[in-house]
Amino acid sequence: MSIIKLLLKSPKFLIGFGLFVFLLLTAFIYPAVSTKDPLDMVGFMYEPPSSTFLLGTDNFGRDVFVELIHGMKSSIIIGLFSGLIATAIGITIGLFAGYKGGMVDNILNSITNIFLVIPPFVILILITVSIESRSLLTMGLVLGITSWPWTARAVRAQSLSLRNREHVDIARLNGASTFEIIVKEIMPYILSYIFMAFIIQVASAILSEAGISMLGLGPSNIVSLGTMLSWALLFGAVRSGAWWAFIPPTLVIALITFSLYIMNTGMDEVFNPQLRS
Amino acid sequence: MAQNTEEIIRVENLTKVFGSGKKAVKAVNKINFSIKRGEIVSLVGQSGSGKTTVTRLILRLLKETEGKIIFEGKDVTNIKSEEKKEYWKKVQAIFQDPYASFNIFSPVKKVLLDTFKLFNSSYSKKEKEKLICETLESVNLRPEEVVDKYPFELSGGQRQRIMIARAHLIRPQLLLADEPTSMIDANLRSGILELLLSLRDTDGCTIMFVTHDLGLAYYVSDRIFIMHEGEIVEEGSANKIITAPEHPYTKQLIKDVPKLSEEWLTS
Ligand SMILES: Nc1ncnc2c1ncn2[C@@H]1O[C@H](COP(=O)(O)OP(=O)(O)OP(=O)(O)O)[C@@H](O)[C@H]1O
Ligand SMILES: [Mg+2]
């Protein structure tokens, strides 16, 4: 389709997409081919980078490079899973509220607003402390169910502006059900928005995971970029000058979110050309 | 002009207010009118006068703020989903924008096939396609040239013909045509118009024609309703409206159609 051709001409989209795919492949292929366990204590505390330990060791004497790649994988899984959940809830609520209007909209809008005004970190911390063992998927789930309101809002606005379109009226006059109309007449028109919202949700989930894990509320017994930072913080990596324990995970978080944001900007320029000055 | 005196639809005190408080817009304000079976009437008014809102209210695509709609003697103001389907077998529409009337993601035959949903019909796929082809031929389109195309591959005129075919497939009692030619190239308008008006003869359909063009309304209709700022300020036979307008707004409209005022006011 011509949209895809246009996207492939956007340097921002290409850079973001290329970078993300590269990170994704690294995160998933390396752990599949290397048998190294990121939790193995293979050296002493804070050994600087060397030919044996590319990025040195952390406070437990674990290989930072191995941890980094596994952490990247965990963070991406949490991000994608949370993004999927947030997007699924957000579009369902947003599409319904916008298309139905009236009471349905008022109720759904109130729910959305309640979720919007409660600081997500508060909910996150409450939920996380009440779950004993936190797997990657529970983390993703928790982040997903606290971050959908943003998508719901954006989708609601779009759906509201589409509901009085003539093709929607024609579909109604053909006797189509509400569900059919939402899925066939409204959703395809906002697919690009949905995809863009998904990308932003993934990026913000990765950032939130890092934040929460730094507070020590991250996934249990699993390395993520956030837990690496948490350990570095807890065991005085900064004070000891062990930059290799905290700079690499910070950089990787920045790289992943940068790749997603720039992909989003590229898509935005392609889908909303009027915004380009 | 074949028509009898049986009333097909009547609206009473129909009112629609959008929004509330300071931002409230009274799009339609206590209008009353009645249309007889077999008539062609025009609803004439400038942009923003509330014509489309009236159309959508009659179609029950929009909830009224106040008032009643009586169709074939039955109050249809509060009909619900299944009754609406019954209603839409009898009351249909063609809209102004032949581009926006199509879902850009579906091939053209989809919008025609979907009309069968109204009928819980036992037609086989083959029979449906045959009916669609015949109907497309009746609006002077070659079925094989359009059915599998996507809307963006067709011209505005072709699209509007497909919308007429859609109405023809449903064979409604009442067809609301909301500015069906205003976005069509001028040289194609009369063709589309003729096709539309022919539905009265082929399907026995009553037509409410919505337009901002008084000249066009005079040309196509038996009676004209003049709408201004949400109200119907004058109604009468097409001749009476043009030759003996009473309301100042109608007089103003006639002045704005130079040819009409020359041809009809002087004769
Ligand atoms: N869904 C809506 N929500 C809010 N206001 C609306 C809505 N639809 C119409 N209006 C307002 O109602 C008034 C009448 O609009 P309407 O579309 O019925 O006019 P119209 O006579 O069909 O105009 P046009 O010739 O431009 O199609 C306008 O002021 C319009 O802004
Ligand atoms: Mg209109």
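Trainee: How many residues of chain B are in contact with chain A, and how many residues of chain A do they touch?

Mentor: This is a predicted model, in which local features need pLDDT of at least 70 and side-chain atom pairs count only at pLDDT 80 or more, while totals for chains, interfaces and linings use all residues; side-chain values use heavy atoms, without hydrogens and water. Residues are numbered from 1 along each chain as its sequence is written, and chains are lettered from A and ligands numbered from 1 in the order in which they are written.

On chain B, 26 residues are in contact with 15 residues of chain A (contact means heavy atoms within 4.5 Å). Between them the two chains bury about 1800 Å², of which 53% is on carbon and sulfur atoms; buried area is the accessible area, with a 1.4 Å probe, that two parts lose on being put together, summed over both.

Two salt bridges cross this interface (a side-chain nitrogen of Lys or Arg within 4 Å of a carboxyl oxygen of Asp or Glu). B:R56 forms a salt bridge with A:D169, with 2.9 Å between the closest N and O atoms. Four elements of chain B each give two or more residues to the side that touches chain A: α2, β6 (91–94), α3 (108–113) and α6 (156–170). Of these, α6(B) gives the most, with three residues. Helices (H or I, at least four residues) and strands (E, at least two) are DSSP runs, numbered from the N terminus.

Let us turn to the sheet of chain B. Four strands form an open sheet in the order β2-β1-β4-β5, with antiparallel pairing; strands pair if DSSP finds at least two bridges between them. At the edges are β2 (25–36) and β5, each pairing on one side only. Helix α1 (residues 51–58) packs on this sheet and touches β1 (7–18), β2 and β4. Strand β4 (residues 66–71) pairs with β5(B) over two bridges, and B:F71 has B:K74 in β5(B) as its bridge partner.

The loop between β5 (74–75) and α2 (81–90) holds B:T77. This residue is buried, at a relative accessible area of 5% (buried means under 20%, with a 1.4 Å probe and protein chains only). Leaving aside neighbours within four places in sequence, B:T77 is in contact with residues including B:R60, B:G67 and B:I69. A polar atom of the B:T77 side chain lies 3.0 Å from the backbone nitrogen of B:I69.

Key:
Buried means under 20% relative accessible area, exposed over 50%, partly exposed in between (1.4 Å probe, protein chains only). A polar contact is a pair of N or O atoms within 3.5 Å; within protein, one must be able to donate a hydrogen and the other to accept it, and residues adjacent in sequence count only if both atoms are side-chain atoms. Axes are lines fitted to C-alpha atoms, for helices over the stretch in contact, and angles run from 0 to 180 degrees between N-to-C directions.
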